[in-house]
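These are my notebook entries on one structure, set down in the order in which I looked things up. The structure is shown first and the entries follow.

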Amino acid sequence: MAYVGEPGFRDEPDFRGAGSAYQPGSYSVSDYPTDATETTLGLSRRNSASVSSASLDDVFDDPEHGEPGRDRLAVHAVWELLLLLGVGAVGFLLWRQHAELLRGAALKELLVNVGGFGMITLGAGLSLRAAAPNLAVGPVAVAAGIYFAQQGDAGVIKTTGFVVLVAAAFGVALAVMVVGFHVPGWAASLAGAFLAIVWLQQHSATYDVQGGYAPTRHAYYLAGGFAALAIVGGLIGSIKTVRRAVGRFRPVADPAKRRGGVAAGLTGGALVLSTVLAAVGGVLLAANQAKYSVPAGLGLDLTGLTIGAALIGGTSAFGRRGGIFGTVFAVVLLNLFRLYDSAEHWRISVFAMAGAAVGAGLIVTRLVESLGRPRSADGEEEAEDDWTSGGTQPLAGSAWSPPPPRDSWSSSLPAQPSSGRTTDLWSDDRWGSRSST
């Protein structure tokens with residue numbers, strides 16, 4: 001059954017070799033070579049016999065779940081090196097002018113704050129990776145801290161366990177809203193944050209922390225545990241299959257289209273876990289103070305700081321992409337800067353810090369998205385541009401080039417002789433000479 005030459009089909013060059021003559025309508029689909037390249041949804045499809053298994057992993061990757069190929073991590077490595085230099089610079093300034101804040105009990109308090117703040121940042125970063133930002137992490141952490149300050153004398157494990165259960169239930173409600181109704185995570189979590197703030201407004205501004213638990217006794221373990229969770233999570237998130245599975249809620253098509261059961265389950269689980277991590281972080285921050293005071297923003301300032309830290313660490317605001325050590329460095333950097341601000345009596349507003357952190361994090365997101373794209377995606381775009389511009393791509397592994405056309409037709413008529421003839425061909429002398437004979 002022939003296609004070429006019929007209305008609605010474009011004539012393509014003959015792939016059967018330079019020695020064969022091209023005749024429109026003389027061959028069918030089965031005459032194409034087995035390694036010919038076709039395009040579907042902007043991606044190339046090649047015969048499995050002519051490509052490697054690694055290429056097949058890219059070719060058959062679902063285009064609705066993101067671009068094919070492995071993200072480039074060089075941009076994360078360079079940015080994390082800059083973050084480490086920033087940590088060293090702020091730490092040096094703090095050590096030179098206020099060395100007592102980096103020794104003894106003050107150092108342990110700083111490490112506990114790093115652990116608690118880091119847990120909340122991990123929750124925010126996990127929700128960002130799942131492309132469902134959880135804006136309720138700050139109010140949830142503050143509410144957990146207030147409850148622990150009130151009920152801490154009942155026992156650390158019992159009180160923390162109850163807080164974790166309530167936070168998990170809260171996270172399940174968020175997951176049902178986001179996944180069940182397929183709405184943006186930031187919008188649903190913002191509504192949840194307002195509900196938590198309603199509970200916070202019913203309590204006074206300051207509470208004496210009950211119970212005798214002193215987290216500074218485990219300061220190194222708490223800070224180290226946060227760092228280990230962040231680094232291991234970053235390493236696991238760098239695996240292509242895990243990254244794509246966690247980030248399937250990332251919008252790459254019509255946002256009204258559901259992304260499937262796997263995307264729904266993983267996104268819901270990320271929201272639940274992020275809420276639990278925020279609650280644990282809030283408990284640590286409350287236990288680290290003799291008096292626990294409710295922040296002026298009722299947790300929204302803490303949401304801004306932690307999401308800003310996650311973004312500065314290299315986690316993309318669009319989801320899926322993220323670094324390895326960036327979250328640890330960003331958390332340490334922000335805590336050192338806040339300590340230096342307090343020691344220097346600058347009194348910079350927490351909301352100003354949060355706004356600056358989020359703004360800087362959005363610039364980092366742009367760098368991550370533009371410089372971290374898969375190389376194969378750039379190659380596919382170039383191939384598609386060449387195809388749409390009329391160029392013909394040679395087959396992979398061959399030096400074949402399309403044969404020149406057999407007949408060449410000039411676009412202009414042959415020129416008339418300048419002499420010996422008139423503009424009227426019928427009045428040529430040849431006709432006159434023959435008629436006289």
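**Entry 1: the second largest pocket**

I asked which element contributes most to the lining of the second largest pocket, and I found that helix 11 does, with 6 residues. The model I am reading is a predicted one.

I then listed the elements that each supply at least two residues of this lining: helix 3 (104–129), strand 4 (291–293), helix 10 (300–312), helix 11 (326–344) and helix 12. For the volume of the second largest pocket I noted about 920 Å³. The lining comprises 28 residues, and those closest to the pocket centre are N113, Q289, N335, R338 and V350. By residue class, I recorded 16 nonpolar, 7 polar and 5 charged residues in this lining.

**Entry 2: enclosed space**

I next looked up cavities and found 2 of 30 Å³ or more. The largest cavity has a volume of about 90 Å³. I counted 13 residues in its lining, with D71, L73, S238, R243 and G322 closest to the centre. What is the division of the lining of the largest cavity into nonpolar, polar and charged residues? I recorded 1 nonpolar, 5 polar and 7 charged.

**Entry 3: E369**

I returned to helix 12, which spans residues 350–371 and contains E369. Is E369 buried or exposed? I classed E369 as buried because its relative accessible area is 10%, and the cut-off for burial is under 20%.

I then examined the polar contacts of the E369 side chain. One is made with the side chain of R321, at 2.5 Å. Another is made with the side chain of R250, at 2.7 Å. Leaving aside residues up to four places away in sequence, I found that E369 touches R250, S316, F318, G319 and R321.

**Entry 4: the chain as a whole**

Lastly, I took the totals. The protein chain has 14 helices and 4 strands. It has 437 residues, of which 41% are buried. Among contacts with a separation of 6 or more, I noted that 78% join residues 24 or more positions apart. I recorded an accessible surface of about 23,400 Å² for the protein chain, with 63% of that surface belonging to carbon and sulfur atoms.

Conventions. Residues are numbered from 1 along each chain as its sequence is written. This is a predicted model: local features need pLDDT of at least 70, side-chain atom pairs count only at pLDDT 80 or more; totals for chains, interfaces and linings use all residues. Side-chain values use heavy atoms; hydrogens and water are left out. On a 1 Å grid over the protein atoms alone, a cavity is a set of points where a 1.4 Å probe fits but cannot get out, and a pocket is an open set with protein on both sides within 12 Å along at least five of seven lines; lining residues have an atom within 4 Å of a point. Grid points are joined across faces, edges and corners, and a volume is the space filled by probe spheres set on the points. Ala, Val, Leu, Ile, Met, Phe, Trp, Tyr, Cys and Pro count as nonpolar, Asp, Glu, Lys and Arg as charged, and the others, Gly among them, as polar. Buried means under 20% relative accessible area, exposed over 50%, partly exposed in between (1.4 Å probe, protein chains only). A polar contact is a pair of N or O atoms within 3.5 Å; within protein, one must be able to donate a hydrogen and the other to accept it, and residues adjacent in sequence count only if both atoms are side-chain atoms. Contact means heavy atoms within 4.5 Å. Accessible areas come from the Shrake-Rupley method with a 1.4 Å probe; for residues, only the protein chains shown count as cover.
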